[in-house]
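Here is a short report for a reader meeting this structure for the first time. Start with the sequence and the model.

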Amino acid sequence: MLIRKPSDIPSSEITSKSDYMDRRKFMTAAAAVGVAALGADRLKNIASPREAVHATEKLATVPSKYSTTGVTPTSFEDITTYNNFYEFGTGKTDPSHNAWRLKTSPWSVKVEGEVKSKKEFDIDALMKMHPLEERVYRHRCVEAWSMVIPWIGYSFSEFIKQCEPLSSARYVQFLSLDDPKEEPWIYSVNLDWPYSEGLRMDEAMNPLTLFTFGLYGQTLPNQDGAPVRIVLPWKYGFKSAKSLVKIRFVKKQPRTTWNESAPNEYGFYSNVNPNVDHPRWSQKYERVIGAPFWKARQPTLMFNGYGDQVASMYAGMDLRKNF
Ligand code: MTE
């Protein structure tokens with residue numbers, strides 16, 4: 001984000017979805033060999049087959065009243081090969097090459113802080129906690145590109161109920177996995193790991209905030225944040241932390257990775273706002289990934305078009321100051 005400019009992927013590099021699936025067995029074997037090889041030579045030995053997009057399982061979903069209508073989903077190929085996931089490298093295609101190293105089973109999410117009692121949820125239990133909905137959301141990155149993604153999950157508020165937070169809990173902090181064995185790139189990226197994001201409690205409770213387990217009818221590919229991430233369609237993409245291992249209910253505004261790294265560029269709120277430019281580029285327009293050239297540049301919408309559902313949470317706040 002701070003480090004590299006977006007670059008397009010030549011269509012020749014894009015693998016079809018059926019090819020991904022066929023390569024699943026091969027990739028599992030390759031992953032085992034790759035991880036074994038990852039020793040002293042850890043940063044030199046990160047090359048892996050191009051087809052390292054993890055295969056996934058199908059998920060049953062119910063339709064959602066929160067799904068965005070009148071938008072065209074971005075292709076599965078673009079969604080899974082144009083990613084920001086710095087634990088697997090800073091280039092847009094790096095996560096699709098490297099995220100096969102991520103071991104998503106077994107997986108659990110710890111809950112701690114201002115809660116009645118600490119808890120730990122197994123990923124299977126989390127996925128069964130509430131019916132999974134398919135929600136098509138706009139996805140706007142702070143780097144001024146966008147996609148439309150058919151996510152799968154349920155409102156994070158359903159999960160919060162199970163956590164039994166105390167009235168002293170005013171913010172929620174999300175922490176991603178930081179495992180140098182599976183994510184050796186964290187040694188080469190100058191951020192304070194683990195990746196951390198945070199929300200005010202009312203933002204976390206907003207029904208649009210999606211506890212996300214899949215996309216395009218299947219579990220999340222690793223590079224998109226498997227096995228569980230958060231998605232907030234009215235905020236810049238970096239608020240949507242991937243591969244969550246810990247959720248903390250806290251009294252004070254928590255540290256967030258990008259705000260900590262460059263506070264003048266990335267605020268705590270980071271609501272999509274075409275009227276507040278990033279110090280190094282305009283936020284008025286966005287580049288639509290995968291769109292034909294005559295639709296590839298479109299104006300950015302306030303709150304990414306979700307103002308009806310979220311604007312009231314910021315009433316009275318100066319959104320230039322609280323960017
Ligand atoms: N979560 C973690 N753990 N690490 C990251 O580098 N990048 C963020 C966000 N979540 C990031 C992360 C950024 S900058 C964006 S734009 C979105 O993930 C990208 O999500 P996508 O790759 O599924 O489109």
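This is a predicted model: local features need pLDDT of at least 70, side-chain atom pairs count only at pLDDT 80 or more; totals for chains, interfaces and linings use all residues.

## Around Phe249

## The nonpolar core

Phe249 also belongs to the largest nonpolar core, which has 77 residues. Phe249 is among those with the most contacts inside this core, along with Phe156, Phe159, Phe211 and Ile247. Strand S5 (residues 145-155) gives the most to the core: six residues.

## The sheet

Five strands make an open sheet with mixed pairing. Their order is S3-S2-S11-S6-S7. Strand S3 (119-122) and strand S7 (196-200) are the edges, each pairing on one side only. On average, neighbouring strands are turned by 20 degrees against each other, direction ignored.

Helix H6 (residues 156-163) packs on this sheet. The helix touches S2, S3, S11 and strand S6 (171-176). The direction of H6 makes about 135 degrees with that of S3.

## Pairing with S11

Strand S2 (residues 108-113) runs parallel to strand S11 (residues 244-250), and four bridges join them. Lys110 has Lys246 in S11 as its bridge partner. Val111 stands opposite Ile247 in S11.

S6 pairs with S11 too, but in the antiparallel sense, over six bridges. Here Tyr171 has Val250 of S11 as its bridge partner.

Definitions and conventions. Residues are numbered from 1 along each chain as its sequence is written. Side-chain values use heavy atoms; hydrogens and water are left out. Two strands pair if DSSP finds at least two bridges between them. Helices (H or I, at least four residues) and strands (E, at least two) are DSSP runs, numbered from the N terminus. Axes are lines fitted to C-alpha atoms, for helices over the stretch in contact, and angles run from 0 to 180 degrees between N-to-C directions. Contact means heavy atoms within 4.5 Å. A nonpolar core is a set of buried Ala, Val, Leu, Ile, Met, Phe, Trp, Tyr and Cys residues joined through side-chain atoms within 4.5 Å. Buried means under 20% relative accessible area, exposed over 50%, partly exposed in between (1.4 Å probe, protein chains only).
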